[in-house]
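These are notes on a single protein chain, written for someone who will look at the model alongside them.

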Amino acid sequence: MKFSHTVKTNATPEQIWEIWVDVNNWPKWDTELESACIEGDFTLYAKGKLKPKNAPVSVFLISEFESKKSYTFTTQLPLCKLNVRRYLTVNQSGTFFTHEISFTGLLSFLFSNLFGRKFQKMLPEVMDKIRKLAEERN
């Protein structure tokens, strides 16, 4: 399962990027998180921890990284990986940011059924919060 959501914003790409890499404040806009942290700088192969509401702490790894443009973080589940890719697109129409979520691996069908629909449903609200936070910085 793979799905994504894209939002146009009046904020600059830098303002979106600042929000994305401020891991400690992810719970301000991700309604399903109690807490989040990262070890060291936000760079390729950095590790962090997420504490979702009503779930145990999980470890994530920055598995792809292009500074100020995109990154992917991966969380290992039993026989499955949850991949969250975030990227910016800037063109004549403005600044757009996208969150793409995918499940890969042997049990991807199971985890996409358990979590996928919920993630897909909450994604527009989460991204609207990011847009508002970034635009308030103008």
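1. Terms and basis. A residue is called buried under 20% relative accessible area, exposed over 50%, and partly exposed in between (1.4 Å probe, protein chains only). This is a predicted model: local features need pLDDT of at least 70 and side-chain atom pairs count only at pLDDT 80 or more, while totals for chains, interfaces and linings use all residues. Residues are numbered from 1 along each chain as its sequence is written, and side-chain values use heavy atoms, with hydrogens and water left out.

2. Fold. Helices (H or I, at least four residues) and strands (E, at least two) are DSSP runs, numbered from the N terminus. By that assignment the protein has 2 helices and 7 strands. Their order along the sequence is β-α-β-β-β-β-β-β-α. The radius of gyration is 14 Å, close to the 14 Å that the globule rule gives for 138 residues, so the protein is as compact as a globular protein of that length. Here the radius is taken over C-alpha atoms, and the rule is 2.2 Å times the number of residues to the power 0.38. Along the principal axes, the C-alpha trace spans about 40 × 30 × 25 Å.

3. Of the 138 residues, 43% are buried. The protein exposes about 7,800 Å², of which carbon and sulfur atoms supply 52%; the areas come from the Shrake-Rupley method with a 1.4 Å probe, and for residues only the protein chains shown count as cover. There are 19 positive and 15 negative charges, and their mean positions are 5 Å apart. Lys and Arg count as positive and Asp and Glu as negative, with His and the chain ends not counted. Each charge is placed at NZ of Lys, CZ of Arg, CG of Asp or CD of Glu.

4. Contacts. A contact means heavy atoms within 4.5 Å. Among contacts between residues at least 6 apart in sequence, 46% join residues at least 24 apart.

5. Helix H1. Which residues of H1 are buried? They are Gln15, Ile16, Trp17, Ile19 and Trp20. Their cover includes strand S1 (2–9), S4, S5, strand S6 (80–91), S7 and H2. Trp17 also features in a C-alpha distance: its C-alpha and that of Ser67 are separated by 8.8 Å, although the two residues are 50 apart along the chain. Ser67 sits in the loop between strand S4 (58–66) and strand S5 (70–77), and is partly exposed at 43% relative accessible area.

6. Thr95. This residue belongs to strand S7 (residues 94–104). Is Thr95 buried or exposed? Thr95 counts as buried because its relative accessibility is 8%. Leaving aside residues up to four places away in sequence, Thr95 touches Val7, Lys8, Thr9, Ala11, Thr12, Pro13, Leu88, Thr89 and Val90.

7. Leu44. The loop between S2 and S3 holds Leu44, which is partly exposed at 36%. Leu44 and Ile62 are 18 residues apart in sequence, yet their C-alpha atoms are 5.3 Å apart. Beyond residues up to four places away in sequence, Leu44 touches Ile62, Ser63, Glu64 and Phe65.

8. Side chains of opposite charge can pair when their charged atoms come close. A salt bridge is a side-chain nitrogen of Lys or Arg within 4 Å of a carboxyl oxygen of Asp or Glu, and the whole structure has 8 of them. One of these joins Glu18 to Arg137, with the closest N and O atoms 3.0 Å apart. Glu18 lies in helix H1 (residues 13–20) and Arg137 in the segment after helix H2 (108–136), so the pair ties together parts that are 119 residues apart in sequence. Glu18 is partly exposed at 42%, as is Arg137 at 40%.

9. Further salt bridges. Lys118 and Glu32 meet at 3.1 Å, N to O. Lys118 is in helix H2 and Glu32 in the loop between H1 and strand S2 (33–38), so this pair ties together parts that are 86 residues apart in sequence. Lys118 is partly exposed at 46%, and Glu32 is partly exposed at 23%. Lys51 and Glu34 also form a salt bridge, at 4.0 Å, N to O; Lys51 is in strand S3 (residues 47–52) and Glu34 in strand S2, 17 residues apart. Asp128, Arg131, Lys132 and Glu135 are linked in a network of salt bridges.
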